[in-house]
Protein chains: 4
Amino acid sequence: VGMRPTTYEGLAEPYRRLLDRAALAMEKAYAPYTGFCVGAAVLTREGELFAGANVETASYVGVCAEAAALAAAVEQGHYEIMALAVISRSRFYDVTRVAGPCGACRQLINEFAQVTGADIDVICAGTRKDPIVVAKLSALLPLSFGPVDTETDVSRYRR
Amino acid sequence: VGMRPTTYEGLAEPYRRLLDRAALAMEKAYAPYTGFCVGAAVLTREGELFAGANVETASYVGVCAEAAALAAAVEQGHYEIMALAVISRSRFYDVTRVAGPCGACRQLINEFAQVTGADIDVICAGTRKDPIVVAKLSALLPLSFGPVDTETDVSRYRR
Amino acid sequence: VGMRPTTYEGLAEPYRRLLDRAALAMEKAYAPYTGFCVGAAVLTREGELFAGANVETASYVGVCAEAAALAAAVEQGHYEIMALAVISRSRFYDVTRVAGPCGACRQLINEFAQVTGADIDVICAGTRKDPIVVAKLSALLPLSFGPVDTETDVSRYRR
Amino acid sequence: VGMRPTTYEGLAEPYRRLLDRAALAMEKAYAPYTGFCVGAAVLTREGELFAGANVETASYVGVCAEAAALAAAVEQGHYEIMALAVISRSRFYDVTRVAGPCGACRQLINEFAQVTGADIDVICAGTRKDPIVVAKLSALLPLSFGPVDTETDVSRYRR
């Protein structure tokens, strides 16, 4: 429930463009420690795209691609997010098993689902954009802890 | 699927003890910024309990209670985790809506589910230990990204 | 040593522009939990500017402004960073005491100092761009843990 | 200033015990991804020791040894920290170059320096407990961002 395997051709055109944007970002990842390169892109309510790539450090401080893409949207004043695409490859192999965003990124995406007031489509792809899974954020992070649990009103970030 | 609402009395005795241990830890939380106090405890394969409380800082660097409890088990050489309990309260109100661990903590719990080679029961409780939800980690973090996705063998951490 | 108090007028023109860019980003911060808004901007070796604002969530998962700005540069393939400016204000008051980036951000900046092969100027400002301190990254994070400590070669990220 | 190279024999006895405790914890680290094992221990105002080891995950979510040690003290209601020792080794080589804690951990240590109302001695050691550097936290994180910058009173965590 809330997860659907599909193909690149099976994606609606805006989601294909979103995934293509994420794939471009992936090529810029700074991943000298793991060799694991991730790209992500978000689609805002206004139809704009923002992208991000992962950033590693020698310690376990870093920035995930999904976090970078969300932060890029925020920096331009966009807080309402409709969809996020994520794609990855290793320096050593193509990713063939589709996984969703890491837990920390799901927490970040959930925050913006609350702002948007709508579930967010998360498009998860292997390196060759096949296979692909489209999952609802609510399915990726059930029983979520969010703004409502801290009695925080985030509605003023809506347009 | 994978989530079951229950009550304190409805918990098996080891899970009641685990939740009680988490509640004790909660009282020690260092949360001067949010006033949101969280306690957690883990049950290892050998039947030992380890607990943790959340630690905040002036910036967004911190340690979640679940992370602290897992780290306490690791520090004693226990890597196989069967169950984790988490409970919270605000300085200003009792928590009545049950939420699961934040996404980052789910990622950490997932790591040890992979080491253990078994799903982990996550017992989530409101301040008064009612309501309670018992959820499988696999239900809390579907389509997870873990050791297998980076071709990492974690079996040597098993006893 | 490595830290110099100054004024907006005392900054070289490229640093004034960098700080102005950070101040613009600050206005877009997503900070519904702390009300503490931070903006940052980085200057690359090629002379380009990239900016970021902080992003909070209900849990302690977030993205700092400095991290967002560095990630924005990375996403465009810029890994050599010459300077970073950071500015902040609270929703409730102006920041008058100058502080440097949080420790986690210093770790990220240090990573790129190693890539760049040069010390990075960090321009730290209160809300009204006064007072200002210009600090070398090496002064902000002495005895740093970085790529060399994990025997990682990051020179291929140089142009 | 605020940093002093020394030897194991040059340490006061309580600091030798603290470092030994950290070295024990190091052996329990969960580091299947980097093979970089870190142990840390803290000395509280009451003279008790608490230890921690690093915990990695497949994503960049983790717990540093220093964070684990501080969280262990907090879980037992100890918030006033006098000293912290940290030691590391790679699975592949001994660490011979002494580095301080990562930036994120310095932020955490700084928080407790503010609670304690005193500077914290940070004992940094290579694998063979030689060389050793004893550094003041204030020297490791100058121009720090802490409780005072967010107008937060942390004195009630003092005994």
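Modeller: Happy to! Helices here are DSSP runs of H or I with at least four residues, numbered from the N terminus. With that in mind, helix 3 (103-116) of chain A, helix 3 (103-116) of chain B, helix 3 (103-116) of chain C and helix 3 (103-116) of chain D each give at least two residues to the lining of the largest cavity. Do keep in mind that this is a predicted model. Searching the whole structure turns up one cavity of 30 Å³ or more, and the largest cavity holds about 910 Å³ of space. Its lining counts 40 residues, with Tyr60(A), Gly62(A), Tyr60(B), Tyr60(C) and Tyr60(D) nearest the centre. By class, that lining has 35 nonpolar residues, five polar and no charged.

Now for the contact between chain C and chain A, to which chain C brings 42 residues and chain A brings 42 residues. About 3,100 Å² is buried between these two chains, 67% of it on carbon and sulfur atoms. Of the area that chain C buries against chain A, Lys28(C), Tyr30(C) and Glu75(C) supply 21%, more than any other three residues. Glu75(C) also forms a salt bridge with Arg21(A), where the closest N and O atoms are 2.8 Å apart. Between chain C and chain A there are two salt bridges and twelve residue pairs in polar contact, both residues at pLDDT 80 or more. On the side of chain C that touches chain A, helix 3 of chain C provides the largest share, six residues. That side of chain C comprises 25 nonpolar, ten polar and seven charged residues.

Note on methods. Residues are numbered from 1 along each chain as its sequence is written. Chains are lettered from A and ligands numbered from 1 in the order in which they are written. This is a predicted model: local features need pLDDT of at least 70, side-chain atom pairs count only at pLDDT 80 or more; totals for chains, interfaces and linings use all residues. Side-chain values use heavy atoms; hydrogens and water are left out. On a 1 Å grid over the protein atoms alone, a cavity is a set of points where a 1.4 Å probe fits but cannot get out, and a pocket is an open set with protein on both sides within 12 Å along at least five of seven lines; lining residues have an atom within 4 Å of a point. Grid points are joined across faces, edges and corners, and a volume is the space filled by probe spheres set on the points. Ala, Val, Leu, Ile, Met, Phe, Trp, Tyr, Cys and Pro count as nonpolar, Asp, Glu, Lys and Arg as charged, and the others, Gly among them, as polar. Contact means heavy atoms within 4.5 Å. Buried area is the accessible area (1.4 Å probe) that two parts lose on being put together, summed over both. A salt bridge is a side-chain nitrogen of Lys or Arg within 4 Å of a carboxyl oxygen of Asp or Glu. A polar contact is a pair of N or O atoms within 3.5 Å; within protein, one must be able to donate a hydrogen and the other to accept it, and residues adjacent in sequence count only if both atoms are side-chain atoms.
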